[in-house]
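Work through the exercises below with the sequence and the model open. Each task is followed by its solution in steps.

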Amino acid sequence: MAKRMLSRWGQWYSRVFAVECDRSTDPLYFALSKTPQERHYDERQALYEKMFEGAKCYSVHVCTDDRFQRALLYESLKNNVIPRLPTGCSVLDAFSFHPDVSNSLFRGFFIKDATNLPETAPILGELVKNSGMSVCTYVWEENSQRWWQHLLSEAEDGSAAATEKFYVVPSEIPHRHPSTLNIMGNDVFYNFEDAYKVMEQCKDIIPVSEELLKLVGPNLTQKKEGRFPVIVIEGLDATGKTTLTHSLTATLNATLLRSPPTCLSPWRPCFDSEPALLRRAFYALGNYITASQIAAASEHSPVIVDRYWHSTAAYAIATATSGKVGNLPSPGSEVYRWPCDLLRPDLVLLLTVSPEERLRRLSLRGVEKTREEAELEANHLFRNK
């Protein structure tokens, strides 16, 4: 146990931390130091100290490198642990990461207990028994006039005890927003095998995933598209995709396909309620099923496709990227590259319409929406992303 904690702490000490106090502004960033640093009383220092003041503060991060376990643990933390905290606690999204290093992000929460309620510490203390969690407390030291971070571990008597402590110091804003560091391979998939592997791991917790695996097969092959063109129509709901796809299909005597394909419809409600990694893998496999249908159909006629990989990626990237629109990966980022083994369309059309008209059309539909479709309607920032 001691060796494992020392190894974890060595990696922990090299990380930068971020707390999202307000999603419309940059997070507050801090790092750890073995020695105190000179305090410069600028606006950043004032905000940083205000974050810790007036409350007993904790942070909890899911810190395993196994992406499948990380997804399950974070969902459990968010849905089963955080709601148990006393109502006097305020909870903020938090990150731990290596700046600008892909797949280095650990997500978690920063907890401020303004009234230092006795129930808070035991609830969070239970988490130190899980090797995939890191729990910290933040303590003000009068002698040094500095804040310290204490990393907790399980003591011999089963209680939570501090293993080591370091000074907490402000850190510079990184080039890439930390929420974007794990997008590749967690929120967006770039080959069939990677998405299939995640679905294989689901079999024990989501029985219907086995049916999906049988449908897809481990070696879903895609012939090169046939001699007829493939046209993809993209856009948010109620931008006119259905009208245009049906019109083009009739005019060109084409085959109309959709992504996700209709064969996945029975399983969508199940996967829409699962952690993001599982949900994204499910929809990624849907694109490969659609691609195999495109390859077959384009041998005989033009093919019109209602949504494809573009929508899958856009929803995933917008959901994963926290905060403002400017936090999205920059144009040209490898996040936006096309999957290496996915059939490419010949033409993609993106339809747009004013937000007011889109909402008017949606109000006339009365159909059940997914969680993300509902957020698109309610959340202007998410819609813009």
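**Exercise 1.** What volume does the largest cavity have? Find its lining and sort the lining residues by class.

*Solution.* The model is predicted, so local features need pLDDT of at least 70, side-chain atom pairs count only at pLDDT 80 or more, and totals for chains, interfaces and linings use all residues. Residues are numbered from 1 along each chain as its sequence is written, and side-chain values use heavy atoms, with hydrogens and water left out.

Step 1. On a 1 Å grid over the protein atoms alone, a cavity is a set of points where a 1.4 Å probe fits but cannot get out; a pocket is an open set with protein on both sides within 12 Å along at least five of seven lines. Grid points are joined across faces, edges and corners, and a volume is the space filled by probe spheres set on the points.

Step 2. The largest cavity has a volume of about 70 Å³.

Step 3. Its lining (residues with an atom within 4 Å of a point) consists of D187, V188, F189, R280, A284, N287, Y288, W309, T312, A313 and A316.

Step 4. Sorted by class, these are 7 nonpolar, 2 polar and 2 charged residues. Ala, Val, Leu, Ile, Met, Phe, Trp, Tyr, Cys and Pro count as nonpolar, Asp, Glu, Lys and Arg as charged, and the others, Gly among them, as polar.

Step 5. Helix 9 (276-297) and helix 10 (309-320) each give at least two residues to this lining. Helices are DSSP runs (H or I, at least four residues), numbered from the N terminus.

**Exercise 2.** How do helix 9 and helix 10 pack, and which residues meet?

*Solution.* Step 1. The axes, lines fitted to C-alpha atoms over the stretch in contact, are 9 Å apart at an angle of about 165°. Angles run from 0 to 180 degrees between N-to-C directions.

Step 2. Helix 9 and helix 10 are therefore roughly antiparallel (over 145 degrees).

Step 3. From helix 9, R280, Y283, A284 and N287 meet W309, T312, Y315, A316 and T319 of helix 10; contact means heavy atoms within 4.5 Å.

Step 4. This contact has 5 nonpolar, 3 polar and 1 charged residues.

**Exercise 3.** Which residues lie closest to the centre of the second largest pocket, and which helix supplies the largest share of its lining?

*Solution.* Step 1. The second largest pocket has a volume of about 920 Å³. Of its 33 lining residues, Y74, K78, R107, A276 and T319 are the closest to the centre.

Step 2. Helix 3 supplies the largest share, 6 residues.

Step 3. The lining has 12 nonpolar, 7 polar and 14 charged residues.

Methods: Parallel < 35°, antiparallel > 145°, perpendicular 65-115°, else oblique.
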